[in-house]
Amino acid sequence: MQHDIILTRTLEWSGVLRRRLIIDNSFGQWLADASRQPVTRQTIVAWHLELARTLAAGHDSVDTTAWIPPDDIQRQILRRLRERVFFTLMIRDINQDASLREVVTATSFLADRAVNQAYRSAMTALADRHGIPVDVKTGLPQEMLVIGMGKLGGRELNVSSDIDLVMLYPGDGTTGGQTPISHHEFYGRVTRRMVSMLSDYDSNGYVFRCD
């Protein structure tokens, strides 16, 4: 099995990558090409949209910038995105091509984007079932605020870090759907659903462990 020289040092250290390339040798060429450039926010967004387009096949929506995937598709997208980001950063780091700032900035942005996408999928699914939480004073839809703490909050997340999240919502009330529930119950379900989307381990791995 031939691999690009840029992968050589990493393959010596990483049994995980060796096993991954046995399953899909073409991924090695993709990684070799990707590893020649810094991993930036723009890079991660482009990879995310590419994966969404691939996994959106068969769905009615064609605008993947606005499409909110169902949970099962979102899980696949985020896990494959994590794989791309982490392996590319590992190769660049082992080859001494990436600075510490590149690694922690890219990892922190990946976490931000993954949390945002998991929240959107969980929020949409529950709003379709129970209705949207509404501010009782203004009548406007409520959103939940998700705050990254610790290393994520400081933009210093590394590839082995857990992410610490605090969830806040504006006020109590009841959703307005056909099967209404309290805001407390609604946002509790959103939180459990999004954390599961990020941290549950499946055949594609996981995205981030969450506290």
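Let's start with a pair of side chains: R20 and D24 meet in a salt bridge, at 3.9 Å from N to O. A salt bridge here is a side-chain nitrogen of Lys or Arg within 4 Å of a carboxyl oxygen of Asp or Glu. R20 counts as buried because its relative accessibility is 19%, while D24, with a relative accessible area of 26%, is partly exposed. Buried means under 20% relative accessible area, exposed means over 50%, and partly exposed is in between (1.4 Å probe, protein chains only).

Before going on, a word about what you're looking at. This is a predicted model, in which local features need pLDDT of at least 70 and side-chain atom pairs count only at pLDDT 80 or more, while totals for chains, interfaces and linings use all residues. Residues are numbered from 1 along each chain as its sequence is written, and side-chain values use heavy atoms, with hydrogens and water left out.

Now for the overall layout. The protein has eight helices and two strands, and reading along the sequence gives the pattern α-α-α-α-α-α-β-α-β-α. Those helices (H or I, at least four residues) and strands (E, at least two) are DSSP runs, numbered from the N terminus. Taken along the principal axes, the C-alpha atoms fill a box of roughly 60 × 40 × 25 Å. Of the 211 residues in the protein, 45% are buried. The accessible surface comes to about 11,200 Å², and 53% of that belongs to carbon and sulfur atoms; these areas come from the Shrake-Rupley method with a 1.4 Å probe, and for residues only the protein chains shown count as cover. Take the contacts between residues at least 6 apart in sequence: 68% of them join residues at least 24 apart. Contact means heavy atoms within 4.5 Å.

Two packed helices are described by the angle between their axes and the distance between the axes. The axes of α5 and α6 come within 10 Å and cross at roughly 180°, so the two helices are roughly antiparallel to each other. For the angle, axes are lines fitted to C-alpha atoms, for helices over the stretch in contact, and angles run from 0 to 180 degrees between N-to-C directions. Angles under 35 degrees count as roughly parallel, over 145 as roughly antiparallel, 65 to 115 as roughly perpendicular and the rest as oblique. On the α5 side, the residues making the contact include L78, L81, V85, F86 and L89, and on the α6 side they include V103, A106, L110, A114 and A118.

R36 is partly exposed, at 41% relative accessibility. D4 and R36 also belong to a network of salt bridges together with D33.

Another bridge connects R155 and D112, at 2.7 Å from N to O. Here too the pair links distant parts of the chain: R155 is in the loop between α7 (150-153) and β2 (164-168), D112 is in helix α6 (residues 100-130), and they are 43 residues apart. Both ends are partly exposed, R155 with a relative accessible area of 27% and D112 at 32%.

What about the two strands? L145, I147, M149, V166 and L168 make a nonpolar surface patch of about 390 Å². Patches are made of residues with over 30% relative accessible area and no salt bridge, where like charges are joined within 9 Å and nonpolar side chains (Val, Leu, Ile, Met, Phe, Trp, Tyr) within 5 Å. β1 (145-149) and β2 are the elements that give two or more residues to the patch, and β1 gives the most, with three. L168 lies in strand β2 and is partly exposed, at 41% relative accessibility.
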